[in-house]
Amino acid sequence: MKKYAFNEITPMQYTLILFGTQVGTGVLALPRVLAEKSGTDGWISIILAWALNSVAGLLILSLFKRYPDDTMPDLLVRLFGKWLGKLILLPLLAYFAFFSWTSLVRGLLYVKAWFLPKTPDYIVMLLLTVPVFMVVRNGLRVQARYSEIVFYMTMWMPFFLLFLLSRGHWIHMLPLFKEGWWPIVKALPTTLLSFLGIEVLYVLHPFLQKKQYAVHGFMIANGMTGLLYLLVVIVCYVYFSPDAITLYNQPVLSLLKEIEFRFLERFDMVFLALYLLVISRSWVPYIFSTVFCASQLLGKQDHAVPAVCYMIATIVLVFLIHPTWNESDMWVQYQLYAAPFLVYLLPLILYLYVRGLEAFRGRQTP
Amino acid sequence: MFIDGQQEASIYDTKGWPQRSIEDPQLESSLKGAHQGFVETGLQNLALLRRYIPNRELRIEGHTIGRRTKTQLWVVYLEDVAHPEVLLELQTRIGQIDIDAIINTGELAELIEDNSFSPFPQFIVTERPDSAASHLLQGRFIVVVDRSPSVLVAPATITSFFQSVDDYSLRWLIASFIRLLRFTAFIVAMFLPATYIAFIAFNYEVIPMQLFLSIAESRERVPFPPLLEALLMEITLEMIREAGIRLPAPVGQSISMVGGIIVGQAAVQAHIVSNIMVIVVASTAIASFIIPSYDMGTAVRLLRFPMMLLASLFGIVGLTVGLMMLIAHLVALESLGTPYGSPLAPFRWADMKDTFLRLPLWTMNKRPKSARPIQSNRVGHKEPEGDAP
């Protein structure tokens with residue numbers, strides 16, 4: 001029985017949701033973070049992270065290939081029974097909820113720092129969550145359309161960086177491996193973090209209309225993310241000197257500041273304002289995953305009510321905590337600890353478990 | 001009628017009503033399209049449609065609604081092209097209407113639409129038989145309402161409001177240019193005053209000093225903040241526009257003259273509004289006139305105000321949030337269960353030939369997918385193909 005036939009999405013939409021989930025606020029600061037950890041060799045760690053992430057994604061997909069009509073909550077219940085399955089779902093739900101929260105807070109902090117320093121943060125949060133909620137309360141199909149249209153509307157953005165490439169100095173990139181492999185490996189966890197987003201596959205996969213394109217779509221999305229990050233990082237490295245780059249908090253925005261028109265002085269601000277579209281596109285699947293898991297946990301079909309609750313909770317939390325950049329950095333660190341378990345280890349364990357089960361039952365297809 | 005030698009007699013409905021002769025459509029005028037518009041007699045309208053499509057697949061289904069008025073409706077469609085699911089949805093919705101009277105097509109549209117709280121029209125209401133016929137050929141449904149001079153076209157997509165019959169009789173390059181112009185006008189009409197407010201009142205660091213100074217100079221003696229200034233002008237303009245519609249044509253002329261003088265000249269000289277504001281408001285108004293559909297034009301006119309408010313409260317972030325909400329609304333909206341944002345979201349590459357551009361007709365040998373036709377080849381016949389979406 002196909003449970004999710006009503007909300008099927010096309011391979012294109014599937015690809016663009018994945019891509020949209022991966023690309024968020026992280027990329028704005030990525031060149032600095034990489035430069036701090038591994039100097040100008042940081043771009044190599046992007047390639048490594050891309051490869052690692054591809055492997056992890058393929059693992060998730062090969063797990064779900066066996067259960068094409070199951071989301072992660074369904075699968076956990078199927079494998080471990082109702083109670084244990086739901087118990088294992090809890091950390092995943094917490095992870096999604098926390099990830100959505102930190103990335104919402106990131107967006108909030110950007111808006112507050114760049115545009116609305118005097119507006120109370122909970123009002124900014126309200127402002128940002130209302131459109132997101134308008135998308136999330138609907139079925140996945142609507143969210144897929146949102147990702148799709150935002151992709152087409154923001155496709156031009158990376159190409160602006162290419163203008164600056166001619167003003168850069170390629171000499172900054174040399175020599176390669178100037179401090180050996182260790183700094184590159186050291187930067188890997190943070191780079192992996194900016195590639196995160198593949199965990200929405202847990203929820204996304206059964207909705208895909210043509211399952212034979214699941215791997216293609218994933219590889220394209222992951223490849224696009226990798227290429228985008230490479231472009232951004234290399235342009236930043238070429239443009240700024242290796243020492244100066246660590247001085248800028250968000251090198252990408254500082255870079256865009258250099259673009260000036262006679263009628264527009266602060267291109268970076270306009271760019272960031274429009275970049276909010278991209279950021280919101282990455283919130284939508286995360287919040288959907290959160291509320292989807294929550295509704296599955298409670299045994300409800302409709303996820304609009306959890307979505308409302310989640311939104312209100314976020315606003316209230318912002319009102320109570322008033323998050324700062326430092327706190328936000330700390331939360332991102334927590335994510336860094338949690339992500340390997342839930343994104344890389346969990347599918348591996350499940351995969352081995354399923355294979356073991358099959359061997360035990362005498363190679364029956366489930 | 002009895003015929004000599006025949007055993008059967010025929011009964012004909014020869015009732016007559018006072019009726020208007022067929023005239024040029026008022027609201028949707030066209031340069032090169034047909035000059036016959038629908039009239040208030042439903043049967044005549046059906047005859048007009050049949051003249052365009054004398055095909056045996058053309059189905060006409062009668063319904064009667066309205067307990068008092070007993071208004072007759074006809075659902076018209078091409079049986080081998082239109083999607084049966086959409087038909088079922090339309091029939092169900094018409095069947096569920098329980099009301100005493102329906103006077104106009106607009107009332108029917110409101111009773112069967114998907115989202116009553118949306119500012120956007122979810123059905124095309126047209127008074128042109130030629131555009132109705134072309135929608136039929138794309139696999140859409142027409143509802144002809146007796147006593148109403150316009151018919152309802154369903155399902156609609158947002159881009160279909162930017163197409164006009166003239167596009168297909170002009171050279172395709174020119175038609176494409178005009179299409180692009182309409183989409184630009186849509187964005188300008190919705191966002192220009194809001195952008196002005198955001199840049200002048202909120203994020204003035206974005207524009208260069210020189211430009212800001214020259215704008216500030218023209219605003220120097222204006223006592224109002226930009227939002228108030230913009231609201232003042234926009235509302236005045238809306239009033240002038242509304243006054244022009246209701247007045248008989250000769251008086252309407254004088255309204256536009258009075259309006260033009262007051263808004264254009266005197267307000268600036270009296271330092272109530274700035275020169276630039278007049279330019280902004282005037283270009284917004286012109287842009288909103290370019291949109292061919294009146295319903296879509298009114299939606300844009302209305303949405304301008306929340307955008308202005310958001311821009312004045314939150315600057316360019318407010319603008320982006322407004323845009324986000326607009327997109328969120330459009331992707332969630334459906335018309336008879338068919339996505340309203342199609343072919344943009346869900347994106348359909350094949351439909352792009354007739355969306356922002358109008359490519360030569362020989363490239364369009366498939367029907368656009370956004371109307372969900374079950375027969376995708378234009379020159380196809382009865383046998384439905386396997387690629388129904």
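**The sheet of chain B and its helices**

Modeller: This is a predicted model. Start with a helix. Helix α3 of chain B, residues 105-112, lies across β3, β4 and β5 of chain B. The helix runs at about 30 degrees to β5(B). Helix α4 of chain B, residues 129-137, packs on the sheet as well. Helix α4 touches β2 (71-78), β3, β4 and β5 of chain B. Its direction makes about 55 degrees with that of β2(B).

Now the sheet itself. The sheet is open and has 5 strands. Their order is β1-β2-β4-β5-β3 in chain B, and the pairing is antiparallel. At the edges sit β1 (58-65) and β3 (124-126) of chain B, each pairing on one side only. On average, neighbouring strands are turned by 25 degrees against each other, direction ignored.

Strands of a sheet pair through backbone hydrogen bonds, in parallel or antiparallel fashion. Take one pair here. Strand β4 (residues 141-145) and strand β5 (residues 151-154) of chain B run antiparallel, joined by 3 bridges. Phe141(B) has Ala154(B) in β5(B) as its bridge partner.

Last, the contact between the chains. Chain B puts in 26 residues and chain A 31 residues. On the side of chain B that touches chain A, helix α10 (residues 294-332) of chain B gives the most, with 14 residues. By class, that side of chain B has 20 nonpolar, 5 polar and 1 charged residues.

Key
Residues are numbered from 1 along each chain as its sequence is written. Chains are lettered from A and ligands numbered from 1 in the order in which they are written. This is a predicted model: local features need pLDDT of at least 70, side-chain atom pairs count only at pLDDT 80 or more; totals for chains, interfaces and linings use all residues. Two strands pair if DSSP finds at least two bridges between them. Helices (H or I, at least four residues) and strands (E, at least two) are DSSP runs, numbered from the N terminus. Axes are lines fitted to C-alpha atoms, for helices over the stretch in contact, and angles run from 0 to 180 degrees between N-to-C directions. Two residues are in contact if their C-beta atoms, placed from the backbone, lie within 7 Å. Ala, Val, Leu, Ile, Met, Phe, Trp, Tyr, Cys and Pro count as nonpolar, Asp, Glu, Lys and Arg as charged, and the others, Gly among them, as polar.
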